[in-house]
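Q: I have a structure open and a few quick things to ask about it. Can we go through them one at a time?

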Amino acid sequence: MPSPFADPIWRAEEARVVARVRAGDRLAGEQLYRAYAGPLLRLVLRPRLGDPAAAEDALAETFIAAFRALDGFEDRGAGLWPWLARIAVHKAMDVHRARARAARGCERLEAQAPPPPPETPAEALEALDEAELQAARVRAALSGLHARYREALELRFLQGLGREECARRLAVKLGTFDVLLLRAVRAFARAWEPEE
Amino acid sequence: MSDLRHAPDPDAPPTPEEEAAAAALAGALEPRAPQAVPPELAGALAALRAAAPAAPGQAAPARVLAAVPRPARWRWLLPVGGLATAAAAAALVLLVAPPRPAALPAPGRELLLAQAEAARGSPRPLERAMRGYRREVYAALRTRYGEAP
């Protein structure tokens, strides 16, 4: 689905969709989800949670909270995005707090805190474009690696599979896969040079 | 950018350092209770995670859609009220509108011929035909409007 930030028709339509959700229209709720799920995952939840399953769960919790509080939403000119992004940030923090080692997890998260989500649709569009560029650079770096390293990294990070599933697909033991992944990440880190 | 010259053989036996580091990395990637991310790999790991396609399921999960607010109970009265209003307006129109006229029988051939005879000076056939026609007209009026008070 095209980004809601780049689609002028969506921007004009959003207020009507929100009104329909308030009136109980589930199809309108589906529309909002499809419009904002991708940007919320890419710009807010994955940078804070990493694990794809945790990020998708937090995404669902974000929309549940948003739909329940929608009557209190007031558009201040930037549409639904800033409000949704703030909810998503809180849900990401909730995930960390709920984990067994919540205190240590929160400290590390705060120490490595990703930048705050973009406030306006224009900023979000720019951030999504930048994220796409970064993803293309990552894929380029992966293409220069040994095929087995590239496969291990794609399965574990780009497809989001667990280590057991990755080991099964590569037909290796779990411990062997862990070593393979370590070598692959180190190789990638040598090849990866983030832009300043 | 190619790392093929420097990459260790993927199938080479791991060193003790690699075994320890591999276990640490697996712990760092554990979703439920992550350990500290190795600092020298933090940037690379963040880049890899961020590169994953942001493509959630095509449809919103059922529990998300279940959170869409239900319409307030009283709202169902709106269409019902609208129907009632429309029905009342229709009834009012029917009450104040003039009634449709009764459908009177058309004069038969015998009556028309009798009229022609009367025009030529012979009124008797017309009188007979009119008696029958009047009966038909009165019957139609009674059907439409009921008996005369």
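Q: Is B:Glu18 buried or exposed?
A: This is a predicted model. In it, B:Glu18 has a relative accessibility of 10%, so B:Glu18 counts as buried because the cut-off for buried is under 20%.

Q: Where is B:Glu18 in chain B?
A: B:Glu18 sits in helix α1 of chain B, which covers residues 16–28.

Q: What is B:Glu18 in contact with, leaving aside neighbours within four places in sequence?
A: From chain A, the contacts of B:Glu18 are A:Leu182, A:Arg183 and A:Arg186. From chain B, B:Pro13 is in contact with B:Glu18.

Q: Take A:Arg183 then. Which polar contact does its side chain make with a side chain?
A: The side chain of A:Arg183 makes a polar contact with the side chain of B:Glu18, at 2.7 Å.

Q: And which backbone oxygen does the A:Arg183 side chain reach?
A: That of B:Pro10, at 3.2 Å.

Q: Is A:Arg183 buried or exposed?
A: A:Arg183 is buried, with a relative accessible area of 4%. A:Arg183 lies in helix α9 of chain A.

Q: What else does A:Arg183 touch, not counting residues up to four places away in sequence?
A: In chain B, A:Arg183 touches B:Pro8, B:Asp9, B:Pro10, B:Asp11, B:Ala12, B:Pro13, B:Pro14 and B:Glu18. In chain A, A:Tyr149 is touched by A:Arg183.

Q: Staying with α9 of chain A: at what angle does it pack with α8?
A: Helix α8 (residues 163–170) and helix α9 (residues 174–191) of chain A pack at about 95°, and their axes are 9 Å apart. α8(A) and α9(A) are therefore roughly perpendicular to each other.

Q: What is the make-up of that contact by class?
A: The contact of α8(A) with α9(A) has six nonpolar residues, three charged and no polar ones.

Q: Which residues are they?
A: On the α8(A) side, A:Arg163, A:Glu164, A:Cys166, A:Ala167 and A:Leu170. They meet A:Leu174, A:Phe177, A:Asp178 and A:Leu180 in α9(A).

Q: New topic. How many helices and strands are there in chain B?
A: Chain B has six helices and zero strands.

Q: How much of chain B counts as buried?
A: 22% of its 149 residues.

Q: And what is the accessible surface of chain B?
A: About 10,500 Å², with 63% of that belonging to carbon and sulfur atoms.

Q: Last one: what share of the chain B contacts with a separation of 6 or more comes from residues 24 or more positions apart?
A: In chain B, that share is 43%.

Note on methods. Residues numbered from 1 in each chain as written. Chains lettered and ligands numbered in written order. Predicted model: local features only at pLDDT ≥ 70, side-chain atom pairs only at ≥ 80, totals over all residues. Heavy atoms only, no water. Helix = DSSP H or I, 4+ residues; strand = E, 2+ residues; numbered from the N terminus. Buried < 20%, exposed > 50% of the residue type's maximum accessible area, 1.4 Å probe, protein only. Contact = heavy atoms within 4.5 Å. Axes fitted to C-alpha atoms, helices over the stretch in contact; angles between N-to-C directions. Parallel < 35°, antiparallel > 145°, perpendicular 65-115°, else oblique. Nonpolar A, V, L, I, M, F, W, Y, C, P; charged D, E, K, R; others polar. Areas by Shrake-Rupley, 256 points an atom, 1.4 Å probe, with all protein chains shown as cover. Polar contact = N/O pair within 3.5 Å; in protein donor to acceptor, adjacent residues only side chain to side chain.
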